[in-house]
Amino acid sequence: MRILFFLLRKEFRQIFRDKSILAVIFILPSIQLVIMPQAANYDVKNINLAVVDNDHSSYSRRLIAKVGSSGYFRIVAASPSFKQGLRLVEANTADLVLEIPAGFERNLVREGSQQLSLAVDAINGTRAGLGGAYLTRIIGDFNQAVRLEWQSPAPAAAIDVTSSNWYNPLGEYRFFMVPAILVLLLTMVGGFLTALNIVREKEIGTIEQINVSPIRKWQFILGKLIPFWVLGMVVFTIGLTIARVLYGIIPVGSIPVLYLFAGVYLVALLGFGLLISTYSETQVQAMFVAFFFIMIFILMSGLFTSLDSMPPWARYIAYCSPVTHFIEVVRMIILKGSSLRDVSHQLGYEAIFAVVLNTWAMLNYRKTT
Amino acid sequence: MQPPPASAQAIVCHELTKQFGDFRAVDKITLSVAQGEIFGFLGANGAGKTTAMRMLCGLSYPSAGQATVAGFDVYRQQEKIKQNIGYMSQKFSLYENLTILENIEFFGGIYGLSNQQLRAKSEELITTLGLHKEAKKLVGSLPLGWKQKLAFSVAIIHEPKIVFLDEPTGGVDPVTRRQFWDLIYAAADRGITNFVTTHYMDEAEYCNRVSIMVDGRVEALDSPANLKLQYHADSMDEVFYQLARGAQRGE
């Protein structure tokens, strides 16, 4: 215990003396949380639309005006032909081309039906998908309105879907992102700092002086783990505060449960950092390996994309990362108010990660080679 | 010098060998060092001194042969060995971003010194080294000579039975080297065994006994006076030349 105390005191002294580490710990998270949620926005607005109106009737003009006034679209051009509309897509000036065929009004009035054609630039899948959906919806509305004008007494039976958003009523992107970015921060701070720290001692040669002393392996590992765990929790607290002050995100669920989960998660992640450091000889090596894994962890974690839409094999990989479970749980607790029982499953996973990674790191750290 | 009785041997090794792939860094070295002795472990660059020393310190497993350090086996009892030795590596390995006092506290602390002992040791060490003004300065800001003296003092802060010094005076000026050897003598007077590697042949003369390693093997082992007689040489320099000339391994 006494030896651990000396190890911890030394570690904290070194951390607080190192300005660059302090910057990483305190300034980086703040900047990330302030900038990322505002910039990384999936709300689709300002979709560039080219309209090819072959009809020039009052109905076609009404439809175009309705689309233009919806707020989602910017009508960039009224092209004389579909071909020219597509050329605009090729030139990246338009995302969608809506073609209204000649005889639109006549067919609508006489035959009661008419087809429209919609061409979508699908390079940015999300934008294209949402843009197409919005436009379909707007045209549906228009259709409804037209129908009401004509058959006022007895409207045809139609199913109208009204949806309401739970847990994030306005469907705001930042509510989805901010909790996940909190996880990202904890991952960066925890994963990289520990991995680099031990390797740095290897590079400088101070680890030799430790290895030749009677310090036990668990004491050394704990001596590295505890300080970074504390720092991680500080970062988490800073992040939560920023989320509250800047974005008005107040966890609906219990804060102690949130901290409990963050605590266990950090142990797992620090174990991962330690493990890398026991395999690496130089800081550059450790940096690359840590970067490689953390990149995969984050891209597969459900931070940006939905886990459910992944193919099954990818989902298995995603579940093999502690980041995935934490992102899921942070969103559950902060936005949904999930209780400890709701997240106990994931907590179990994190605990397993924590035990496995740390044990592995401890076994792989050798005082005698 | 009389060979000391077996019970008083600090280090005994018999045909100790370290093999890296098909390269034999240390080739069946056999030697023993008495408790309290200052033993010079000489050899050209690449002769295998550091590798041999690392095996004796319990930092590296031998490939073959036997050795005991402070009575403990180098294969099975490394942790016991580590409680009884001090080690000063070739590379300066105190924490440069801690102060002198903080380094002393840390290394004293991990060897289990009590607060009282720590206070007494810090005071004593700082007085001996004349570092009163610098005690609260970061170690990184000290000149090399001071760093080396400090590193040695920290290596023996827990009064180990044996201290291993790997080229402790490399790059240090002659005056400081002299002071460094005064520290070694003081430690030997307290009964600490000093196992020193060096390149400076004048330092070899300060040792009770020396061994000279060439290409992983111990080619000569005796007191400096006897070695000079045996090789008809006026100085250890000449002895070393005669032996190391045949070396195959360069730097």
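The model is a predicted one.

Strand β1 (residues 47–53) of chain A runs parallel to β3(A), and five bridges join the two. Across that pairing, Leu49(A) stands opposite Leu96(A). Strand β4 (residues 117–120) of chain A pairs with β3(A) in the antiparallel sense, over four bridges. There you can find Val97(A) opposite Ala119(A). As background, side chains in a regular strand alternate between the two faces of the sheet.

Next, the aromatic rings. Over all chains, the count comes to 21 aromatic pairs. One of them is formed by Tyr72(A) and Tyr134(A), which are stacked at 4.1 Å centre to centre with 25° between the planes. Tyr72(A) lies in the loop between α3 (58–69) and β2 (73–79) of chain A, while Tyr134(A) belongs to helix α6 (residues 125–150) of chain A, so this pair ties together parts that are 62 residues apart in sequence. Tyr72(A) counts as partly exposed because its relative accessibility is 33%. Tyr134(A) is partly exposed as well, with a relative accessible area of 23%.

In chain B, Phe152(B) and Phe180(B) make a tilted pair, 5.4 Å centre to centre and 50° between the planes. Phe152(B) sits in helix α5 (residues 144–155) of chain B and Phe180(B) in helix α6 (residues 174–189) of chain B, 28 residues apart, which links distant parts of the chain. Both Phe152(B) and Phe180(B) are buried. Back in chain A, Phe236(A), Tyr259(A), Phe261(A), Tyr265(A) and Phe326(A) form one aromatic cluster.

Lys147(B) lies over the face of Phe92(B), 5.2 Å from the ring centre. The charged end of Arg177(B) sits over the ring of Tyr200(B), at 3.7 Å from its centre.

Now for the interior. In soluble globular proteins, nonpolar side chains tend to be buried together. Which residues touch the most other members of the largest nonpolar core here? Of its 162 residues, they are Leu150(B), Phe152(B), Phe164(B) and Phe195(B). The largest share of this core, 18 residues, comes from helix α7 (residues 173–204) of chain A. Phe152(B), met above in the tilted pair, has contacts beyond its neighbours within four places in sequence, among them Met88(B), Val163(B), Leu165(B) and Leu183(B). Another core, of 18 residues, lies apart from the largest one and includes Val51(A), Leu96(A), Phe104(A) and Leu135(A).

How do the two chains meet? In chain A, 26 residues are in contact with 34 residues of chain B. Between them the chains bury about 2,800 Å², 53% of it on carbon and sulfur atoms. On the chain A side, Gln209(A), Val212(A) and Thr368(A) lose the most area to chain B, together 23% of what that side buries.

Most residues other than glycine have a negative phi. Glu15(B), however, has a positive phi of about 50° although it is not a glycine. Glu15(B) lies in strand β1 (residues 9–20) of chain B, and is partly exposed at 37% relative accessibility. Ala70(B), also not a glycine, has a positive phi of about 55°. Ala70(B) is placed in the loop between β4 (64–69) and β5 (72–73) of chain B, and is buried, with a relative accessible area of 16%.

Note on methods
Residues numbered from 1 in each chain as written. Chains lettered and ligands numbered in written order. Predicted model: local features only at pLDDT ≥ 70, side-chain atom pairs only at ≥ 80, totals over all residues. Heavy atoms only, no water. Phe/Tyr/Trp six-rings, centres within 6.5 Å; stacked < 30°, edge-to-face > 60°. Buried < 20%, exposed > 50% of the residue type's maximum accessible area, 1.4 Å probe, protein only. Lys NZ or Arg CZ within 6 Å of the ring centre and 35° of its normal. Pairing = 2+ DSSP bridges. Core = buried A, V, L, I, M, F, W, Y, C linked by side-chain atoms within 4.5 Å. Contact = heavy atoms within 4.5 Å. Buried area = accessible area lost by both parts, 1.4 Å probe.
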